[in-house]
Amino acid sequence: LEDSQPQAKQSSCCLGYPVSIFFIVVNEFCERFSYYGMKAVLVLYFKYFIGWDNDLSTTIYHTFVALCYLTPILGAIIADSWLGKFKAIVYLSIVYTIGQVIMAISAIHDITDTNRDGTPDNMTFHTAMSMLGLMLIALGTGGIKPCVAAFGGDQFEEHQEKQRSTFFSIFYLSINAGSLLSTLITPILRAQECGIYSKQSCFPLAFGVPAALMVVALIVFIAGHSMYIMESPKGNILLRVMKCIGFAIKNRFNHRSQQHPKREHWMDWAEEKYDKLLIAQVKMVLKVLFLYIPLPMFWALFDQQGSRWTLQATTMDGNFGAFIIQPDQMQIVNPILIVIMVPIMDSAVYPLIKKCHINFTPLRRMTVGMLLAALAFVAAALLQIQIDQTMPNFPSSSQIQVKFLNLENTSVPVEVEGQEPFAVPGFDDWFCGPGSHIYIYRIAICRDENCKARKQCKPIARLLFCTDLIPSLLRANFTIVNEEGQTCHYILQLGFGSSYTVLIPSTFSFGESCTENIKAIQDIEPNGIHMAWQVIQYFLMTCGEVVFSVTGLDFSYAQAPSNMKSVLQAGWLLTVAVGNIIVLIVAEAGSLPDQWAEYVLFASLLVAVSIIFAVMAYFYTYMDPMEIEAKFMDLEPEEKKRKELGMTTKDNLAYVNNETSNNTDDKQTKI
């Protein structure tokens, strides 16, 4: 795995593209399948296997996602300062793969099920294994994030700027293709039953397949080793940058009196210790990072597709006739639209805008993307208002814990001891329909009409949810069991978002006709708002993502200094982590009574941030990092200058030439 010298290697081409990028694209597809496939069932794993409640499951889930986007800075340091991009991707992918395997092992309930009752006897072991696996996955996926895209950009020659721009679109397309297939397939795998002693939801398979895809990703990436253009690491550049910034701040503070002449830029106060090339590179990085400050707000809205929007879908009708869509499966709409929209934008929309002589610069594209995301949340708020008009007021837990009913005009009172809906392990809206509420009761006959103590009542039967998964998600299968072991099977047809109370009379008897006297009373009618209405907000969000995220990836690469590309890519990904943290803060501290109001709040915040970003973008001047760096090089031959710079900014002139030719303002590229 030795890094070769890029100056001596000529990349083989196919259809005008380096052959090496096909290995990179396939690797990215498999890695994204692995990540999104595991993440698709992660919350269900926390809730139904580990046994955590909704709040803790959600908290750990978002913490994991945030960690995945915080670790890229570590990967950038490893790649740029120590191993180089290729070795960093390989070694961190190995860590990644080990983490996925550990997650699959942690989901095997038979490992600690010594009494073979279907329940792990040592849940601490499974929890510890899963946390270890998630930490390794976060380190692996986060570590390679800033490296893969930048490594792909390194494969192009100076004359291939158009192909390089198209590569980033194809690269982003592979991400969403992996996301699409994994979001569709992994829940199906989880719904299977597997186990040695007892059959359970097959989380080991749901985690095992992503682990296998990660192995494939690693093998494919290594297979293209001989074709890659690879750069050697240029030293601990991030540490030098931090020291340079620190020295500039300290030196400026020490010379704050008016007797010292002002300097053009505050970083120029580092000239006493650091060379001008490094200072120029730091200025370029800081200039772009300053532009990143408003970006987390976009991701705060975008990542709620997997949380708030999914919860919204649970209150809607998911019956699409021949098939049933589960709430979390609505997330498939995003990658489907990405696969459609990316080529349309590249081949039709952008060329049309150019023909209309509209100066649609990268930063203007990103501003439009942010506004589209805000508009998506306005659509979500309008939909939520319609949903709220059809939603009943659900009873609180204190209202449904104990009820005394007189059934069928019988003189024998029947005590119905209820619990929270979905309190029975393994039974909730995932299995019996989104938003469906079934009250699970323990039935007892009270001999004394005034009795209220549980001990005074003689239990006659238990109403249990069958642990077998049912092909139709619009019905629930119950089994009534008495102390002698007699059973009665009862199937209840459900409606999306409806609520039912199942009543068993005191005259109930086991036998072939045992279900005739059982009654299911519909407390709440099924939802009347269809999930298909969410496609509008998904479409708006996806359009915003295409013009925001794809452009941002390309922009980050083009504006980065030659030896800091992975660092700037990590800074881009860091905005995603901050966005997830914003969601956690608002979700925990928010006191808005209505969900639609929270959607409007997020939309308003993003509109405000978009205005700020537009102003910042107006005053931003696009840079050619290679040209700026060349000004500080003392080497005479032009070819030698390029070698020193590593030739990783060959294509940045594409941006500068495009912007300067279309920009009506006479702005100059300066630090």
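Modeller: The link of Cys194 and Cys202 is right-handed, with 105° about the S-S bond. The two sulfur atoms lie 2.1 Å apart, and a disulfide here is a pair of cysteine sulfur atoms within 2.5 Å. The structure holds 1 such link.

A word on the source. This is a predicted model, in which local features need pLDDT of at least 70, side-chain atom pairs count only at pLDDT 80 or more, and totals for chains, interfaces and linings use all residues. Residues are numbered from 1 along each chain as its sequence is written, and side-chain values use heavy atoms, with hydrogens and water left out.

Back to the cysteines. Cys194 and Cys202 are both buried. Buried means under 20% relative accessible area, with a 1.4 Å probe and protein chains only. Cys68 also counts as buried, because its relative accessibility is 0%. Cys543 is buried too, since its relative accessible area is 14%.

Now the chain as a whole. The protein chain has 671 residues, and 54% of them count as buried. Its accessible surface is about 29,800 Å², by the Shrake-Rupley method with a 1.4 Å probe. Carbon and sulfur atoms hold 60% of that surface.

The protein chain contains 22 helices and 13 strands. These are DSSP runs: helices are H or I with at least four residues, strands are E with at least two. Take the contacts with a separation of 6 or more: 75% of them join residues 24 or more positions apart. Contact means heavy atoms within 4.5 Å.

Technical notes. Buried < 20%, exposed > 50% of the residue type's maximum accessible area, 1.4 Å probe, protein only.
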